[in-house]
Amino acid sequence: MGEASGPGRVELTVLGQAPVERADAARNRRRILDAASRLLAEQGPEAVTMNAVAAAAGMGVGTVYRRFGDVATLLLALLDHREQQFQEAFLDGPAPLGPGAPPADRLRAFLYALTDHIAAHRTVMLAAETASPMALYRSAAYVAWHAHVSMLLHRTRPEADEAVLAHLLLAPFGPGLICHLSDDRGTPLDEFKAAVDHLLGMCLPVRADGASAD
């Protein structure tokens with residue numbers, strides 16, 4: 001599943017395609033995630049600590065740490081299913097988000113969809129960012145976003161350093177900024193997306209040959 005390999009292409013794998021776990025490890029993971037999900041729903045993200053999750057799951061805190069490492073990783077793991085759906089949409093879904101549209105159109109559609117994705121889950125993602133500011137950038141989700149944007153930039157601006165430019169294009173999509181604009185300033189997502197259009201218009205002109213992304 002994902003973008004096929006070849007010149008100018010990046011091999012991507014949908015989140016969740018991990019090696020099969022032992023039955024007891026899978027049960028422990030599910031118990032931990034269920035406990036964290038209950039705490040999140042009942043008390044909010046500030047209540048999700050490793051000790052609280054361990055107590056709610058009825059297991060030692062060492063098991064929780066061994067499985068997830070820190071609170072930020074645990075919080076992001078709660079979004080795995082939604083992230084998998086998002087990745088399937090931009091890797092294999094219909095155009096313009098998925099294959100079949102010119103790269104500039106796919107990039108715009110991706111950034112629009114990413115806006116909606118982060119806005120929908122901003123509370124959990126902001127809590128993860130607060131617990132560990134670097135957690136998102138080290139996550140499998142961000143690695144997939146960055147690889148996808150890099151691939152599209154390679155086709156749209158082949159002379160640019162697509163890896164660095166992809167990081168810069170993704171920078172405005174942190175949960176903190178989207179929370180600030182949506183919750184503190186009351187900025188509609190449509191206005192954010194209009195600003196994305198201006199950003200792309202300034203730094204990513206469409207190639208003259210109109211080459212397709214796929």
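**Ground rules.** I am working on a predicted model, where local features need pLDDT of at least 70, side-chain atom pairs count only at pLDDT 80 or more, and totals for chains, interfaces and linings use all residues. Residues are numbered from 1 along each chain as its sequence is written, and side-chain values use heavy atoms, with hydrogens and water left out.

**Confidence.** I checked pLDDT, the predictor's confidence in each residue from 0 to 100. The protein chain has a mean of 87, and 86% of its residues reach 70 or more. Residues 4–11 fall below 50, and that stretch has 16 contacts in the model beyond near neighbours in sequence; a contact means heavy atoms within 4.5 Å. I also noted residues 206–214, where pLDDT stays under 50 and the model has 23 contacts beyond four places in sequence.

**Aromatic rings.** How many aromatic pairs does the whole structure hold? My search found six. Rings of Phe, Tyr and Trp (its six-membered ring) pair if their centres lie within 6.5 Å; planes under 30 degrees apart are stacked, over 60 edge-to-face and the rest tilted. Phe86 and Phe110 are stacked, because their centres are 5.7 Å apart and their planes are at 25 degrees. They join distant parts of the chain, with Phe86 in helix 5 (residues 80–92) and Phe110 in helix 6, 24 residues apart. Helices here are DSSP runs (H or I, at least four residues), numbered from the N terminus. Phe86 is buried at 7% relative accessible area, and Phe110 is buried at 0%; my classes are buried under 20%, exposed over 50% and partly exposed in between (1.4 Å probe, protein chains only).

Next I took Phe173 and Phe192, whose centres lie 5.5 Å apart with planes at 75 degrees, so I logged the pair as edge-to-face. Phe173 is in the loop between helix 9 (162–170) and helix 10 (175–184), while Phe192 is in helix 11 (residues 189–203). I also found that ring pairs link Phe86, Phe90 and Phe110 into a cluster.

Beyond four places in sequence, the contacts of Phe110 include Leu97, Trp145, His148 and Leu170.

**Salt bridges.** I counted seven, taking a side-chain nitrogen of Lys or Arg within 4 Å of a carboxyl oxygen of Asp or Glu. Arg108 and Asp197 form one, with the closest N and O atoms 2.8 Å apart. This pair ties helix 6 to helix 11, 89 residues apart. Arg108 is partly exposed at 27%, and Asp197 is partly exposed at 27%. Asp34 and Arg30 make another at 3.1 Å, N to O; they are four residues apart in helix 1 (residues 23–43), so about one helical turn separates them.

**Single residues.** Is His121 buried or exposed? I found it buried, at 18%, in the loop between helix 6 (103–120) and helix 7 (122–131). Its contacts beyond four places in sequence are Leu79 and Arg82. Last, I noted that the peptide bond from Ala95 to Pro96 is cis, with omega near 5 degrees, and that Pro96 sits in the loop between helix 5 and helix 6.

Key:
Helices (H or I, at least four residues) and strands (E, at least two) are DSSP runs, numbered from the N terminus.
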